[in-house]
Amino acid sequence: MNNLEQICEAVRADLEERNAARDQAIARSRQLVRHCSESIRAIHRRDWDTANQKLQLVKAGAEELKSVVQDFPDLYHTGYTQDALKEVAEAFITLAIIRGEALPSSAELGIASATYLKGLGEAATELRRFILDIMRRTDGHSDEAERLLLAMDDIYDQLVTFDFPDALTRGLRRQTDVVRGVLERTRGDLTQSLRQQKLQDALKETEGRFNDADAGDPQ
């Protein structure tokens, strides 16, 4: 028992180090999530300069977060760390889709596979906001909205193929179900918009015929 105090002091030092790393990780995770949200808002506004500036902060923040927890695997795999990194994936993937660019891979972003896939699912649901904004701006259907709907569809088609235990994918199945629901609602909205547009076009065409007929009637 002569070494009990030494053993406990070593354990105390380890826990104090872990606790300090945890506090830093939580703070950096919150900051990272905020930067991700700001970058996505800039993408919605098509403010590419601001979006790129924010994403640089996101990239740097992700590296800082990972460096804080690199010696503590339990902190790296905890919820607040992985949730923040999921937001990183969502931000970069969303920008790539909106701009029609190649998607960044999980390796390029330095994000674990399961977390990347959940970020991919979040990006798919985020596209609904872009589509609704496009519909409001264009007063209906548009090719750009169709392109984003197709991107949502492609992401869903890929997510449903990852049939692995939840212990590995960490809630991906639930996220995939959310994507499916958002996709179905968005497809319904676009379909209804297309029908309304076709009806309006038909009414205008009919009105044009009547006006032409009236103009040609000598009475």
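Predicted model: local features only at pLDDT ≥ 70, side-chain atom pairs only at ≥ 80, totals over all residues.
**Exercise 1.** Determine whether T94 is buried or exposed, and describe its surroundings.

*Solution.* Begin with the secondary structure, where T94 is found in helix α4, which covers residues 79-98. Next, consider its accessibility: buried means under 20% relative accessible area, and T94 counts as buried because its relative accessibility is 0%. Then follow the side chain of T94, which reaches the backbone oxygen of E90 at 2.6 Å. Finally, leaving aside residues up to four places away in sequence, T94 touches A123, E126 and F130.

**Exercise 2.** Work out how the buried residues of helix α2 are arranged around its axis, and what they pack against.

*Solution.* Then list its buried residues, which are A51, L55, V58, G61, A62, L65, K66, V68 and V69. Seen down the axis of α2, these buried residues fall within an arc of 145°, so they line one face of the helix. The face turned away from that buried side carries the exposed residues D49, Q53 and Q56.

**Exercise 3.** Identify which helix supplies the largest share of the lining of the largest pocket.

*Solution.* The largest pocket has a volume of about 160 Å³, and its lining includes A96, I97, R147, L150 and D154. Both α4 and α7 (143-159) supply at least two lining residues each, and the largest share, 5 residues, comes from α7.

Notes:
Residues numbered from 1 in each chain as written. Heavy atoms only, no water. Helix = DSSP H or I, 4+ residues; strand = E, 2+ residues; numbered from the N terminus. Buried < 20%, exposed > 50% of the residue type's maximum accessible area, 1.4 Å probe, protein only. Polar contact = N/O pair within 3.5 Å; in protein donor to acceptor, adjacent residues only side chain to side chain. Contact = heavy atoms within 4.5 Å. Arc of directions from axis to C-beta. 1 Å grid on protein atoms, 1.4 Å probe; cavity = no way out; pocket = protein on both sides within 12 Å on 5 of 7 lines; lining within 4 Å. Points joined across faces, edges and corners; volume = space filled by probe spheres on them.
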